[in-house]
Amino acid sequence: MLIVACVKQVPDTTQVKVDPETGTLIREGVPFIMNPYDTHALEESLRLKDKYGFRVAVISMGPPSAEVTLRKTLALGADEAILLSDRVFGGADTLATSMVLTGAIKKLAEKEELAIVMCGRQTIDGDTAQVGPGIATRLGCSQLTLVDRVEEVDLKSKTLKVRRKLEGRHEVVSAPLPAMIAVLREINTPRYPSVPMRLEAEDSSIILWDNKVMQMDEATIGLKGSATQVRKIFSPERAKGEILGGEIDKPEDSARLLITRMVEKDLLSL
Amino acid sequence: MSATVIAFIIVLVLALAFFAYSCYRRFGLVLKGKPDNRFNSIGKRFWNMLFYAFGQRRVVKKPFGVNHFVLFWAFMILLISNTEFLLNGLAPDTISFSLLPDGAYFTLAFIFDIMSVLALIAVILAIIRRFTFPPPYVEAKSRDAFVILGLVAGLMIAFFGMNACEIAAGADRAGVWMPVANWVASWLPSGAAGLGTAARVFWWIHAVILLAFLDYLPYSKHMHIMTSIPNCFFKSLEKVKTQPREEFKKGNTFGVGEVESFTWKGLFDSYSCTECGRCSDACPATFTGKSLQPRLVIHDIKVNLLKNADKDGHKELPLIGGEGEGSVKEEVIWECTTCGACMEVCPVFIEHVPRIVDMRRHLVETKARFPEELLLLFENMEQRSNPWGIAPAERTKWAADIDVQPFEAGKTEYLFYVGCAGALDARNRHTTLSLAKIFDKAGISWGTLGRDEMCCGDSLRRLGNEYVFDRMAQANIKMFAEKGVKKIITQCPHCFSTLKNDYRQYGAELEVVHHTELINQLIKEGRLKLKSTPPDLGKVVYHDSCYLGRYNGIYDAPRRVITSATGSAPLEMERNRDNGFCCGAGGGRMWMEEKEGSLINVARVEEALKKQPDTVCVACPYCMTMFDDGLKDKEASDKVRVLDLAEIVANALPD
């Protein structure tokens, strides 16, 4: 049975600045990384592989340079990595993205029974958290978001049980397979690739699926298939921070000053 | 041929055969190790052997080492006597020193007599020491030690017994030339019947003990008698300041996970250890009550080699992570600061640190298993090329208020390689600014790489993440070549040693200078003028950074600079210079929790506080952090400040 882990290569947003003139992201010289949430999705897929013997296929939609990230997933233990890359996929919003990803998953499911689609909760560049649920909707499978623990997978009854982390409580839910799981970062600590695995991955080939392979209707994908358009990107103005109590010696006085300020700003109720 | 001679031949042949078999087994195991060329520069190696093995240079650094010196030389000289003894047993009538002319025979008899009594005294002192005043770093009540000491004492006693009986029987014309044997003989009834028989009995006792000693050697820690002289011959020609490269090819093994993956020299080292404990005595981890004792690491390697020897292919005792003797615990491997104090004191030049890094490599590269806090470090290094994972754009922030030129070949002479701590750590940025000020005052032409600077990879290499280090080193060297960088100034001793020593393995011939040396040179050349009335820093104590001092021999430059800048020589801590005590941050320990025992930096701060300093002078950003933290821990940070040497100098610059 198959787990499909969805990953995205994103710019390291801690290093991205917005150009105040044009309102666009300055991406020049910014390194790309695997979306941090997705590293946890991949790790969870690999753990389920170790435990239940699933096969793990990783898919990513992006430019050819996303190959670097896919190679890393192979070094970590993924069985197969597929890059969904074509000019017609470009400019996609979450809707169009989930169309392409769903298309790829369906294609994979033709050959092997699909058990789980594993996604990170959201990406750090778009921050929408919509693609995972979008895939689940389009696949018509169970949709499990905010998962911080996979309790068990029952291969006989083809169900799984996960724990969801909600505001102030946990919820344990069961769902039939196939299911889409969107994971939180707390779910696990990602592993580190060993050198033999890295060397193996360096020589492995990444499978490329363009639209000749995918045969998607061009009206549903890429810029054309996108329902949203970005009007403007800007950095919100933030009030300048202030260092309090630099001249105060006693910690008690510092604490008092801090509390007074917090009460003033209505950050703390007495 | 007499019956005695035949009996002796049988005993001798059996003993020698057993000895040869033992040696064949033991040294055969060494040959299973990986290749390592230790046969180059024979002349220099021969000199090292003379100087360190026969000269016992490092042994006598401890006061009681003199006892070993005596025993060693007595042993060497008595080797002649004992060879004659064995040959004489085979051919009593044709081989004997007594057949020599009087002058030669009497001289030899005198020397052997004196040497024997010196050896006996040395053995007795050693036994007394083990019982009454053993140093904490040796396993005093070791059975092995007493067996050997007993055998040596027995040998000497039998030697005197034999000679004394012969003298009393009037059978040895050299009697008066053997003062000790002669004195013993004076207690015996001279000319009494049975003295000849007694002499023969002592002769046989002597023979049996001698051969027993020989046969026991390969099975005891005293095997060092055979191995430590060659080990000094095979010692690394340069100081061990780096680890060898690895070749990243499919099918290779990475690091050392089983004992035979060490080099043959690594295995031979383990045979050369006599468990003197000097390494553990010098080790900061051992000192602060951690499980790591360098002596035991080497011992475990030996035991593992021997225990797994017979099991072809199947290793019952794992080298790493097993229980008890012969297996090195994982936490032990991570406790090393790679400070090199162990290697600095080892009388026979055992290389502890490379062995530990070998095992770290196995854990990181093959098993991907390491203390969890390192995961973040490794990710940060790979993704952002600095240990904290700070955005590279922040690298130029320290220079926000000053004018810094980018390095440009032809326009700027030196690249100032600021280093991660110098650029990104708030406290250490002050050092960086001080250096910028000093360079400008001295009229040095310098520039930086700005946000393009990448980490040198020191911590990764010491932590065994050689794969990522290898990639970072190659990227750096490529950038240096592209930009035409030839001369580099570093502020961090770790960058310094890595660029200078480690990168040389990649063919990078860089002229790297640490700021302590550069400042010293600038003052000496008169290019840097200091105030005639130096700023009052009170009493200044200097702390040696391991990667500056022990690794690169820079001890005097910082001390001279302090003297120039403050008007007086720095105070010295109890452990200083090549005996300096690590701050606790080397070897990647900077990024790890110190879970076991007490804190190394606090121990060092306590040592510094004994000198009642007003200022602790450091020359390394890690030492800076460790001292800052340690002083806070001892609630002394309001009385004692930590300054980098560059800050002291910048303070002493005329306005």
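In the predicted model described here, the area buried between chain A and chain B is about 1700 Å², with carbon and sulfur atoms giving 55% of that area; buried area is the accessible area (1.4 Å probe) that two parts lose on being put together, summed over both. Y192(A), V195(A) and L199(A) supply 38% of the area that chain A buries against chain B, more than any other three residues. Chain A brings 19 residues to the contact and chain B brings 22 residues, where contact means heavy atoms within 4.5 Å.

Six salt bridges are counted between the two chains, a salt bridge being a side-chain nitrogen of Lys or Arg within 4 Å of a carboxyl oxygen of Asp or Glu. One of them joins the side chains of R198(A) and E382(B), with an N to O distance of 2.8 Å. On the side of chain A that touches chain B, the largest share, seven residues, comes from helix 5 (residues 195–203) of chain A; helices (H or I, at least four residues) and strands (E, at least two) are DSSP runs, numbered from the N terminus.

Within chain A, nine strands form an open sheet of mixed pairing in the order 11-10-9-12-8-1-6-7-13, two strands being paired if DSSP finds at least two bridges between them. Strand 11 (169–176) and strand 13 (207–209) of chain A are the edge strands, each of which pairs on one side only. Strand 9 (residues 142–154) and strand 10 (residues 159–166) of chain A are joined by six bridges in the antiparallel sense, and T159(A) in strand 10 is the bridge partner of D154(A). Helix 2 (residues 67–76) of chain A packs on this sheet, where it touches strand 6 (55–61) and strand 7 (80–84), and its direction makes about 165° with that of strand 7; axes are lines fitted to C-alpha atoms, for helices over the stretch in contact, and angles run from 0 to 180 degrees between N-to-C directions.

Chain B holds an open sheet of four strands with parallel pairing, in the order 2-1-3-4, and its edge strands are strand 2 (446–447) and strand 4 (511–514). Strand 1 (residues 414–417) and strand 3 (residues 487–490) of chain B run parallel and are joined by four bridges, with Y417(B) standing opposite T490(B).

Residues are numbered from 1 along each chain as its sequence is written, and chains are lettered from A and ligands numbered from 1 in the order in which they are written. Local features need pLDDT of at least 70 and side-chain atom pairs count only at pLDDT 80 or more, while totals for chains, interfaces and linings use all residues, and side-chain values use heavy atoms, with hydrogens and water left out.
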